[in-house]
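Try each task before you read its solution.

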Amino acid sequence: MSRPIFNPALSRAFSSDVTHDLEPDELVRYSRHIGLNEVGEDGQRRLKQAGILIVGAGGLGSPAALYLAAAGVGRLGIVDFDAVDLSNLQRQILHETSGVGSKKTESARSRLRGINPHVQVDPIDAELTSANALQIIGDYDVVVDGTDNFKTRYLTNDACVLLGRPNVYGSVLRFEGQASVFATADGPCYRCLFREPPPAGLVPSCAEAGVLGVLPGLIGTIQATEAIKLGVGESLAGRLLLVDALRMTFRTIRLRRDPECPACGTRELKALIDYDEFCGTRRNESVSLHAGVRELAPLELATRMRRADPLDVIDVREPYEWRIARIEGARMIPLGRIGAAVGDLPRDREIVLYCHHGVRSRAAAEFLASQGFDGVWNLSGGIDRWSAEVDPTVPTY
């Protein structure tokens, strides 16, 4: 007799009352699953009955969605409020060149329906926020976290803990990735591993630091595996898988629930909070101070440039990025050459530094401040925010 894929100890979110029969063509489509003793026909029917929410239709969400649809998960929710960009296509295999400019949720639905018409795809074209997360996540059995920012990652974790939904976590940067399963009945949550987020801007994004295109495919596929195999073998609940694609090494670290964790330990976190405030991601001020470096908002810089204030605007990105997009009137000194250029920089007027999102330029600003430059500013949000708030003709990437 076949043993079902789900066992109540690890997948209690899935209903044990199987009511979804398999159509004749589904028996053929899923025959390689059904032939596994650990899955069987009963396990495949449970997959058909399951609902899984994928937060983010990007690098991680793409392979996860593709394999979950192919596996026969009955209902897939895709929550994302972004549009397909040309720079996405190096790793976000859910989308195609013809879809550039379209909503990611619609692009995802079209592709997933083409893979498996038996799957109901729910496109949720919205940002996941404290106001809607409980309602959205509460409508599904399991969550696959494909986010790329700390604000949404903590929000997703906390909502999963409050609702009792398993949270299949993944993250990637450069050549390294992580995966785990959080918020199970007895396991730790994301806050047990990272109690608080790092200071805003300290950890570069994939857009800043880059990411090997196949790495999200590797981690996202692991997430899909964990989402459908709960109960067979040993899940990643209580373990953190660390992947180094450059050296092709895999290792795991044991995790345990932190009894002082405000989410799953003391349970003092009883409602979702303001995650912009928690992660320090608000940026509605025109001028601010960050780690001793003055930050300038794009609109303020645009105003000062129109007034012809004495400013030296310096782009610290790499030459290939300069060829993609630039701020008119700026000059380029890549971050690696800032030290050698100190003697040529003006000390009689203010310097505004910018990069893609503001991380590299902040490092350059901190260096110049340490060299005695007084009038140094970092452009908050970099050229990406400049494009969004000042000049939409500047390409994003």
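Partly exposed means a relative accessible area between the two cut-offs: under 20% is buried and over 50% is exposed. Keep in mind that this is a predicted model.

**Exercise 1.** Classify Asp309 as buried, partly exposed or exposed, and find its salt-bridge partner.

*Solution.* Start with the accessibility. Asp309 has a relative accessible area of 21%, so it counts as partly exposed. Next, look at its side chain: it meets that of Arg307 in a salt bridge, at 2.8 Å from N to O. Now follow the shared partners, and you get one network of salt bridges that joins Arg304, Arg307, Asp309 and Glu350.

**Exercise 2.** Work out which residues of helix H12 are buried, and where they sit around the axis.

*Solution.* H12 runs over residues 298-306, and its buried residues are Pro298, Leu301, Ala302 and Arg304. They span an arc of only 165° around the axis, so they lie on the same side of H12. Then check the face turned away from the buried side, where you'll find the exposed residues Leu299 and Arg306. What covers the buried residues? The cover includes strands S10 (293-296), S11 (311-315), S13 (350-354) and S14 (376-379), plus helix H16 (382-389). Last, step past the end of the helix: Ala308 follows H12 and has a positive phi, near 60°.

**Exercise 3.** Compare two salt bridges, Glu234 with Arg254 and Arg317 with Asp315, and say how accessible the partners are.

*Solution.* The structure has 25 salt bridges in total. In the pair of Glu234 and Arg254, the closest N and O atoms are 3.1 Å apart. This pair ties together distant parts of the chain, 20 residues apart: Glu234 is in the loop between helix H10 (215-229) and strand S7 (239-244), while Arg254 belongs to strand S8. Glu234, at 45%, is partly exposed, whereas Arg254, at 61%, is exposed. Now take Arg317 and Asp315: their closest N and O atoms are 2.6 Å apart, and both residues are buried.

**Exercise 4.** Find the largest nonpolar core and list what Leu68 touches.

*Solution.* The largest core holds 36 residues, and Leu68 is one of those with the most contacts inside it. Leaving out residues up to four places away in sequence, Leu68 touches Ile52, Ile54, Val73, Leu76, Val144, Ala224, Ala227 and Ile228. Another core, of 30 residues, lies apart from the largest one and includes Cys160, Leu255, Leu272 and Cys279.

Conventions
Residues numbered from 1 in each chain as written. Predicted model: local features only at pLDDT ≥ 70, side-chain atom pairs only at ≥ 80, totals over all residues. Heavy atoms only, no water. Core = buried A, V, L, I, M, F, W, Y, C linked by side-chain atoms within 4.5 Å. Buried < 20%, exposed > 50% of the residue type's maximum accessible area, 1.4 Å probe, protein only. Contact = heavy atoms within 4.5 Å. Helix = DSSP H or I, 4+ residues; strand = E, 2+ residues; numbered from the N terminus. Arc of directions from axis to C-beta. Salt bridge = Lys/Arg side-chain N within 4 Å of Asp/Glu carboxyl O.
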